[in-house]
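The report below turns to the ligand and then to the pockets of the model.

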Amino acid sequence: MEVLPLQSRDRTGGRLYIVSTGPGDLQQMTPRALKALAEADSVIGNAFYLDLVEPLLAGKEVITSSMGREVERAKKALERAEHETVAMVSGGDAGVYGMASIVLEVVERSGSSVPVEVVPGVTAALSAASRLGSPLSGDFVTLSLSDLLTPWEVIEERLDLAFRMGVPVALYNPRSNGRPENLAKAVAIARRHATPTTPVGVVKNAFRKGEEILVTTLEAFEDRLDFVDMRSIAIVGGEESRLWRRDADVRGIITPRGYHRKYVY
Ligand code: SAH
């Protein structure tokens, strides 16, 4: 099957960029994402992510859409993209628990031939990992604890399978006001397979105002779940993850890739 490149169809008129804005600091956006935003006549997104890129929006029409209105937002973006350059912004990477898939589905269902480009970005697991040291150095799993679009039973089963693998697990959407108990349930599942001393790192607002970092162990984390909110991501280490120390201080988490088994250093 030949894949028709999304962005290279012959056509005059508008286009649609799905722009990943990274964790929140403009310095963490890619040059391509900056250029796509610069080219856009209008920019559409939810208020929180639009605020983060506010310095890049001068002179553009800005369309704010609220959380939970993603389908409507995708349709509105496509409608405009028939005749102008539209940037739909999505935090982190638009393709990771973001807006890319719903926009592409809406484009597909409409039969539109508007050129679409998905512009990648730094997803929260990776921006948070960099703040913690190097907890995701090899294989790792990401899971979202949000049961808005995925049934909780499915999430529980995936959690069990993930922690059974013994690799680090990054938990997106770890704790909302609506369902604060999901995180405690996830930690209980982790405890079935991981030792109590397994390192856990939480980064709240990575690369944004209000950034906070917690490094603890799986056992002690059970008493610190209040630290976690929806602007946080939690990384539970794998079998080989360990605390990164300097004397008595904990600096973060390292998951060795295995160089120590091959080299002397
Ligand atoms: N597309 C986004 C994820 C959207 S889901 C991405 O690729 O990062 C929203 C969840 O992402 C939040 O609940 C939180 O768990 C995580 N998240 C997004 N940005 C974050 C940041 N700057 N710091 C910490 N967690 C973040």
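Which polar backbone atom is 2.6 Å from an oxygen atom of the ligand? The polar backbone atom belongs to S232, in a contact of the kind defined as a pair of N or O atoms within 3.5 Å. Taken alone, the ligand exposes 540 Å², of which the protein buries 94%, with accessible areas from the Shrake-Rupley method and a 1.4 Å probe. The model is predicted, so that local features need pLDDT of at least 70 and side-chain atom pairs count only at pLDDT 80 or more, while totals for chains, interfaces and linings use all residues. Residues are numbered from 1 along each chain as its sequence is written, and side-chain values use heavy atoms, with hydrogens and water left out.

| Residue | Ligand atom | Distance |
|---|---|---|
| G91 | nitrogen | 2.9 Å |
| V96 | nitrogen | 2.6 Å |
| S232 | oxygen | 2.6 Å |

Around the ligand there are 19 residues, the closest being D93, V96, T123, M230 and S232, where a residue counts if one of its heavy atoms lies within 4 Å.

The largest pocket holds about 1,400 Å³ of space, and Y49, V96, Y97, G98 and N173 lie nearest its centre among the 44 residues that line it. A pocket is here an open set of points, on a 1 Å grid over the protein atoms alone, where a 1.4 Å probe fits and protein lies on both sides within 12 Å along at least five of seven lines; lining residues have an atom within 4 Å of a point. Both domain 1 (15-122) and domain 2 (125-261) give at least three residues to the lining of the largest pocket, the bounds coming from an automatic or database domain assignment. By class, the lining of the largest pocket divides into 20 nonpolar, 17 polar and seven charged residues, with Gly counted as polar.

The second largest pocket holds about 200 Å³, and its 14 lining residues include G138, D139, V167, E240 and T255, which lie nearest its centre.

Terms used:
Points joined across faces, edges and corners; volume = space filled by probe spheres on them. Polar contact = N/O pair within 3.5 Å; in protein donor to acceptor, adjacent residues only side chain to side chain.
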